[in-house]
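Student: Could we go through the aromatic rings in this one together?
Tutor: Gladly; here is the structure to look at while we talk.

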Amino acid sequence: MLRTPFKFYAPSGVGAPRPPGTSAWTGPAGARCHGGVAGLFEREAVQNAPAKFKREARSRLKGVKQLPWEVAMTAEDAAKGLGSFLGASDIQPAAVLDLTKEQIHAILDETTNKGNTALEKALYSHADAVTTRFFGDEIYYRGIVEFSNVCKNDCNYCGIRKHMNGVMRYTMPVEEVVEVARWAFENHLGNIMLQSGELPGEARLRYLTRLVREIREATVAMDRSARGDAGKGIADSELGMAVSLSVGELPRSDYEALFAAGARRYLLRIETSNPDLYKALHPHEMSWEQRVRCLQDLKDVGYMIGTGVMVGLPGQTLQDLSGDIRFFKDIGANMIGMGPYITEEGTPTAEAWGMQYGSVDKKAHMKAMFDLTTRMNALARTVVGNANISATTALQAIDPMGREIALRRGSNVLMPILTPTKYREHYQLYEGKPCITDTAEECRRCLNARITMIGKRVTDSVWGDPPNFLKPIVGVPVAGGGAAAVAAAPADVAPRSLHTLACPVALTSRNKPATGARPLQGSAGLPLLHTTSRVHTRRCGGLLGGSKAMRAFWSSAPPSAPASAPAAVQPLQPSTDRGSDVQRINIGVFGVMNAGKSTAINAITRQDTSIVDATPGTTADVKVALMELHDFGPAKLFDTAGIDEEGALGNKKRAKTLSTLKECDVALIVLDGLRLLPLAAPGAAKAALRDALKWELQLMQAAEKHGVSPLLLLNTKGGAGAGADASGAHARIRELVDPAGMAGWAAIDLGAASVQSKGASVDVPTALSGFLQDGVAASRARETAHSLPSAVLSPEAAVFLNIPMDAETPTMRLLRPQALVQEEAIRHWATTTAYRMDLAAARSGDPQRVAKERARFDRALEPLLKHDGPKVLVTDSQAIDVVHPWTLSADGTPLVPITTFSICMIERQSNGKLPLFADGLRALRSLRTGDHVLVAEACNHNRITATCNDIGMVQVRSVRRSGRAGVRPSVRVGVRDVFVLPQGTQLLGTKMI
């Protein structure tokens, strides 16, 4: 079924053969549209297009000076532009380049993060030249029939995933699909793609083999009839319509059966070449390795294989995308399809996208992803060469002219949707999918106009086999220096750059940067979807000095304060909290199963925040609600799972519940009156009551350990325990669970309409609100340590904040330790200065870059050095190796006290136990050969880049190699990385944690 493209006579009943240069779908081929918008809408194909298309086109092109799909450079200039960046002067026009992953990443980084429009134009123009080299101005069609939306998988991003709500499932009858194929063949499409959800099994295999066979038989017969005598001597395998499949992972035997039935192409999207990201996107029973094995099986059987990825997934990096291009090359992909990730409401990945990008301008973000997708298409064309590359429909969902633009940036295939309109709305893979209501005829006229507008044409009635199936192009290796070599340099010498997908200029600034200004470096976004096991590198210096220095710093005024300064500056206390000054209170509700925790949450919030049911274990995970509560101010409420559930799942729920308690200011512990009050009756065994309270006692102990204010609420369900000795039973329970009488106590029937409170009849929410007031007041009365020394928490103080930003810095906010320090300083009226240090420049081997950054730092620091009151410099830990020597005088005397955000965070979170942590550093000096050090990384950020030198994963490990912090270089210490410490993990033999 392999043949080169050819034009054949129109099938009977359609019309006479068309003259060369015409097409049933595009009409006469026109010259490329270099004359701007004028005249475009006078062309016959555009005049015959659907009215909706013409409206969209006129709106999109209104006021443009240059058509968005225009090629900006000649092939010669494009080759020179690419060669200049890659450090290679011998790149020929339209050459296929065998770029390395590092070179691909350098191009993506330069165009995505650094705003190099000249390189971007060269890339697009070179890709268009390569496309023209292999395909001329021809466009291939691949008609898609989405014949079924039934799927067994729960892929996190997909709108037809197994458990997607609101999807009407369908499977088209075989006869209906064959009829669509007949129509497509009559309208001169040579290739049909049958697409569905994944549903392996004998019944689906029988359906598919019958469907493929009948399409082949029907279209072969139509072809022979149209050819007449000219078709004699041509084998059936060379006639009819090419059948492509996209039906997911199947056993190899199924692939063989479908090949025997007549299918010759198979699309199986890999979605990402990063196995970790793939794992995060798919259910646990799916694996990246199995996906690759299926692609290899398909190649072995004889299929032309297609694959592709989504661009803009939460957690995806430019390194991942660079690997995707190499994956296409290495696997030998014959068809490539890449589209921007577009959310579908109700899917887990859409929720993760909202977490990462929810605060940005979505339209600007999607425009950035559109541009990044077309860069990927252009790179795929440049590296792979003569494969078929699709201009995916998703591009049109972002830009009305998206597919036209893609066809001039490396793509050569369009995919008209042939699915009958009655089914299309039920095959919604992403929101805003275009062409849902267009009939096949409207689609034909629309694409006719699109192709005509950009000066391309369709070679219709051909299969459009990808040339690289029979003759792949190896490509010319590029070994040069230039800017690409700098960008691809090893992590220890490379400039820091953004490796996430956000387009910084488009997303973080609505104004154009000033002339000559360096483009914004962007952000890594909010918490990502997946965690990668790859080790990322980031330079770091050492730690602050010994514990004596820390104690002195936290307990006294800065040593550099002048003698004339007041001996003790009295901090100005913040005024009474009001408005935005009111700090959020965290309230957790805890207890055993069916104690009434969710009922209490609903009473507090006065709405159905949590599900209430008599079934034990209804609350399966922590439920969080953010509210403004009357008399409390802003509050974060936690409804937790029952702490007493048994089994493996119960152990997980209990661990999550106890972990949540540590985050709370107030712990409302609900006691089950139905269970406990009978055990507290007069004469009952005290031991039985104590045993029944074991979980509540554990919660009280945890609250005391973590400094949480406990409140005890006895839920007297249905009047449980009412009677003459009710108060005595309550007292016996309270005595056992809170012998010191430190916790607040109340007995309330949470299911009652009203209860007595302070001598009045009130509803339960009001009574519960009054009870919580005591706990909130007690919590806010607790003394907590400051993050900064008290000497610099005053109006006379100055605080300098050094905040380097790297690829993992989230957008729209500072990291928690940075925000905590800055907020505390400002709340106490101190003057703060925020400075972003360019660590890449400060650590570079270029003396001029170092000197330039040092001079910028000195200028920013000068007002602090001249300040005659209390002052401190707080820096990110990773910059201490630069900040420390740069804040010393010529004779080595410190010019200003320095500390780090991490140290400030420790002081605050440990409630003043920083000296204890400092004392622990002495263990470094006692390490001997063979000792084990457990590095338990507590930071919860994702390691998302290949150049992020994580403190726990990389820098602490390097101590044994460098001899820093008192460890002799000769000491060989075994370092154990632990990210999740299973319950019961033995730490015996570990010298230091």
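Predicted model: local features only at pLDDT ≥ 70, side-chain atom pairs only at ≥ 80, totals over all residues.

Student: How many aromatic pairs does the structure hold?
Tutor: There are 11 aromatic pairs in the structure. One of them is formed by Y170 and Y423, which are stacked, with 4.7 Å centre to centre and 25° between the planes.

Student: And where in the chain do Y170 and Y423 sit?
Tutor: This pair links distant parts of the chain, since Y170 belongs to the loop between strand 3 (143-148) and helix 6 (174-186), while Y423 belongs to helix 16 (residues 421-424), 253 residues apart.

Student: Are Y170 and Y423 buried or exposed?
Tutor: Y170 and Y423 are both buried.

Student: OK, what about Y266 and Y303, how are those rings arranged?
Tutor: Y266 and Y303 make an edge-to-face pair, at 5.8 Å centre to centre and with 80° between the planes. Here too distant parts of the chain are linked, with Y266 in strand 6 (residues 263-267) and Y303 in the loop between helix 10 (288-301) and strand 7 (304-311), 37 residues apart. Both Y266 and Y303 are buried.

Student: Which residues do ring pairs link into a cluster?
Tutor: The cluster joins Y255, F259, Y266 and Y303 through ring pairs.

Student: Switching topic: which charged end sits over the ring of F259?
Tutor: That is R264, whose charged end is 3.8 Å from the centre of the F259 ring.

Student: And what does R409 lie over?
Tutor: R409 lies over the face of Y124, at 3.9 Å from the ring centre.

Notes:
Residues numbered from 1 in each chain as written. Heavy atoms only, no water. Phe/Tyr/Trp six-rings, centres within 6.5 Å; stacked < 30°, edge-to-face > 60°. Helix = DSSP H or I, 4+ residues; strand = E, 2+ residues; numbered from the N terminus. Buried < 20%, exposed > 50% of the residue type's maximum accessible area, 1.4 Å probe, protein only. Lys NZ or Arg CZ within 6 Å of the ring centre and 35° of its normal.
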